[in-house]
Amino acid sequence: MSGPTQYNVAIVGAGPAALYAAQRLVKDGHAVALFNRDIKHGGLAEFGIYPNKFKMKSGLRKVFAKILDDENVAYFGHVRVGDGGDLTLDDLRELGFDALVVAVGAQGTKWLGLPGEDLAQVYHAKDIVYHYNGLPPFSETSYPIGADVCVIGLGNVCLDIVHWLVCDVQCASVTAIARRGPAERAYTDKEMKLVSGALDVEAVRAEIMTLAEQFEAVGQDPATLADEIVKFADEPLEVPSPTRFVMRYLRSPSAIVGEDGRPVGLQCEITRLELRDDGTTKAVRTGEFETIACDTVIFAIGDSIEPTIGLPLEPRWGATFMTVPAPWPENPERDRYMVYDPEAEEPIWDCFVVGWARKASDGLVGKARADAVQGCDEVLAYLEGRFDQGPGTPQPRDQVWARAAALLTERGAEFVTWGDVLRLTSLEEEVAAQRGLLEFKYATTVEMLSLLRETNP
């Protein structure tokens, strides 16, 4: 479709939220160009899901390929948008894009600010997940793992890390650290089932029964909790492993103890549970401390936004970009997606955020899709002139895309098109077939770009 009603939208990112936003906007007759930091698209759906979940990944890849195959979608991969990047948001405006949708996910690293976080063998789960999923430059980086690992957190990402440590690394022990108790666990049974074969059942039961009074004080039954946690212990692991998996509850990390530049222990403040008025629990610090011996620490506590994009951050936590604080008149109950500039005290009318860029670490692919679709209601309202400010006269799609390609070339950016991604995927499939593998991925950016140059038609 072309013509005066077709606006040009630039989407920064190419993960699930970005791709589903593109699908929605194209369905409404607009043209979309995606600018992606990585060579390949997919974001966490490609590089955040455990590698052996082939069926899930295959289904999402087909959906995403259909979106990117549309003639009204352009793909610019290996392009960094933001301060010090290949393009800025203002560049995109000057190129002729009528609206900007930032869907970069939560690419920043969330830390607790503990003493010892700068020691060797202290990692963030995001970096480890990207590493074992083959995303450069993380796939090119070495992450040495010791014998005894503490993983901070107790959600699905924590269990993905445990899965890797148990089945791939096969270290001696993994200890998951939780500020609250087993009733407040954030993981699903499906993820726990994959690693339960490594559980030290006796140690887990002993841990829960040692804290029995704490759980009973907030109306929780310790025996029932213990049964819930170990109920899949008889499930076999994917591969035999010597790793011993345990969990420590009511422990809030306070420092990483180091010697000779490496961890020797994780100091934790002991917490106790208190009931809130709404019936939920909170962890309260007690001033008592314990050190758990370990030589590697991995934080699995969620992510934060990458600040270099150049948008105002949400003031309380700085984990996401700031959206308009006022309700949308058309639907006061819905979340806002238009970015807000607190210094100017007004919206950035043409700029919107969706997915984890709006709310970090919130849900999986299904939630990203729902958020993107709902966010596009507000993007479309802007394009249709239903706000105080709206877009100007749209320029022809092909001209806008050509200017983007020309500017990137002028700046020396070796950007990748959708056709390039398809070629690269075909090459990887050939290697996998030759080697008898279910999947093969090139691990370095240099290798991928070199192959694309060699096979350039």
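Me: Buried means under 20% relative accessible area, exposed means over 50%, and partly exposed is in between (1.4 Å probe, protein chains only). With that in hand, what makes S9 "mostly covered"?

Reply: Four of the five residues of strand S9 (residues 244-248) are buried, so they fall under that 20% limit. Before we go on: this is a predicted model, where local features need pLDDT of at least 70 and side-chain atom pairs count only at pLDDT 80 or more, while totals for chains, interfaces and linings use all residues. Residues are numbered from 1 along each chain as its sequence is written, and side-chain values use heavy atoms, with hydrogens and water left out.

Me: What makes S8 mostly covered?

Reply: Strand S8 (residues 173-177) has five of its five residues buried. Look at both faces: Ser173, Thr175 and Ile177 are buried on one side, and Val174 and Ala176 on the other.

Me: Why are S8 and S9 said to pair?

Reply: Pairing takes at least two bridges found by DSSP between two strands. S8 and S9 have five, in the parallel sense, so they count as a pair.

Me: What about S7 and S8, how do they pair?

Reply: Strand S7 (residues 148-152) and S8 are parallel too, over five bridges, and Asp148 stands opposite Ser173. On the way from S7 to S8 the chain runs through helix H6 (residues 156-169), making a right-handed β-α-β crossover. That name applies because, with the strands pointing away from the viewer, the path from the first strand over the helix to the second runs clockwise.

Me: Why are S6 and S9 called edges?

Reply: The open sheet runs S6-S13-S7-S8-S9, with parallel pairing. Strand S6 (122-124) and S9 each have a single partner strand, so one side of each has no neighbour in the sheet. From one strand to the next, the twist averages 20°.

Me: What makes H13 a helix, and what is its expected span?

Reply: A helix is a DSSP run of H or I with at least four residues, a strand is a run of E with at least two, and both are numbered from the N terminus. Helix H13 (residues 418-435) has 18 residues, so it qualifies. The expected span is 1.5 Å times one less than the number of residues; H13 reaches 26 Å from its first C-alpha to its last, close to the 26 Å expected. Its buried residues include Trp418, Leu424 and Val431. Gly436 follows, with a positive phi near 70°.

Me: What makes a group of residues a "nonpolar core"?

Reply: The members are buried Ala, Val, Leu, Ile, Met, Phe, Trp, Tyr and Cys residues joined through side-chain atoms within 4.5 Å. The largest has 59 residues, and Val9, Ile11, Leu25 and Val32 are among those with the most contacts inside it. Helix H11 (residues 365-383) gives the most, nine residues. Another core, of 48 residues, lies apart from it and includes Phe215 and Phe245.

How values were computed:
Axes are lines fitted to C-alpha atoms, for helices over the stretch in contact, and angles run from 0 to 180 degrees between N-to-C directions.
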